[in-house]
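Hello,

Here is the structure I promised to pass on to you. Please open it alongside this email, and my notes on what turned up follow below.

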Amino acid sequence: MVVRGLAGRTYTDKVRDGGEFKEEEPDVTLPTFTDRVYIAPVDAPEEKDVLIGTKSGEMTFAVTNAARINGAPEPVDIVVWNPYADASPGDLPPPSYEKFVCLEPGLVAAHKTLAPGAVAELSQKMVAQKSSARPGGGPGAPDSCPESNGETSWYQSYRIRCKQPARA
């Protein structure tokens with residue numbers, strides 16, 4: 001699997017003792033246990049688009065990630081994780097991890113404070129696209145999946161509401 005769209009971002013690599021590195025490659029490959037947080041630049045737009053695909057380019061997923069606090073857009077961090085055999089959970093037996101990537105939106109690189117009643121929302125929209133091109137497009141960019149009249153999409157959203165602490 002490859003992830004495209006993170007080149008130039010700094011990331012924290014939890015597998016390498018939390019060190020910070022800059023992503024130089026256009027395609028992030030996951031050849032071993034991977035657990036990274038790609039840090040959103042302060043001036044980043046409210047959404048971050050990335051592509052997840054197979055190395056052969058047979059299938060790609062266009063993924064839009066967003067973060068908001070009280071309805072206001074926030075730069076969104078991107079978590080990329082693959083356990084490989086090192087940390088593979090029971091429901092992901094070998095060699096399933098070779099065709100697996102977990103990509104999640106987050107507000108994790110910098111501490112955020114939510115006032116009582118405040119809401120933080122993370123969302124992600126995935127659109128499956130059939131492609132004969134490598135992830136990232138260019139000439140011969142991905143075509144949509146024929147089995148769903150143009151595209152197959154999936155949307156998830158997480159809402160976190162901060163409640164007033166109980167008084168003793």
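Lys112 sits in the loop between β10 and β11 (119-130) and Glu74 in strand β8, so the pair ties together parts that are 38 residues apart in sequence. Glu74 is buried at a relative accessible area of 18%, while Lys112 is partly exposed at 40% (buried is under 20% relative accessible area, exposed over 50%, partly exposed in between, with a 1.4 Å probe and protein chains only). Leaving out residues up to four places away in sequence, Glu74 touches Glu46, Ala67, Arg68, Ile69, Leu107 and Lys112 (heavy atoms within 4.5 Å).

Some background before going on. This is a predicted model, in which local features need pLDDT of at least 70 and side-chain atom pairs count only at pLDDT 80 or more, whereas totals for chains, interfaces and linings use all residues. Residues are numbered from 1 along each chain as its sequence is written, and side-chain values use heavy atoms, with hydrogens and water left out. The protein averages a pLDDT of 80, and 78% of the residues score at least 70 (pLDDT is the predictor's confidence in each residue, from 0 to 100). Please take care with residues 132-150, where pLDDT stays under 50; the model has 37 contacts beyond four places in sequence for this stretch.

Strand β8 (residues 72-74) pairs with β7 in the antiparallel sense over 3 bridges, and Ile69 has Ala72 in β8 as its bridge partner. This hairpin has 2 residues between the strands, and Asn70 takes a positive phi near 50 degrees in it. On to β7 (residues 59-69) and β6 (residues 47-53), which run antiparallel and are joined by 7 bridges. Ile52 has Phe61 as its bridge partner in β7. Here 5 residues lie between the strands, and Gly57 takes a positive phi near 85 degrees.

There is also an open sheet of 5 strands in the order β3-β2-β5-β9-β10, with antiparallel pairing. β3 (19-22) and β10 (102-106) stand at the edges with a single partner strand each, so one side of each is left without a neighbour in the sheet. β9 (residues 77-82) is joined to β10 by 5 bridges, with Ile78 opposite Pro105.

How many salt bridges does a search of the whole structure find? The search finds 5. Among them, Glu23 pairs with Arg36, with the closest N and O atoms 3.4 Å apart. Glu23 lies in the loop between β3 and β4 (27-29) and Arg36 in strand β5 (residues 34-38), 13 residues apart. Glu23 is buried at 8%, and Arg36 is buried at 15%. Arg16 forms a salt bridge with Asp13 at 3.1 Å; Arg16 is partly exposed at 42%, but Asp13 is buried at 4%. Asp13, Arg16, Glu23 and Arg36 are linked in a network of salt bridges.

Best wishes

Definitions and conventions. Two strands pair if DSSP finds at least two bridges between them. Helices (H or I, at least four residues) and strands (E, at least two) are DSSP runs, numbered from the N terminus. A salt bridge is a side-chain nitrogen of Lys or Arg within 4 Å of a carboxyl oxygen of Asp or Glu.
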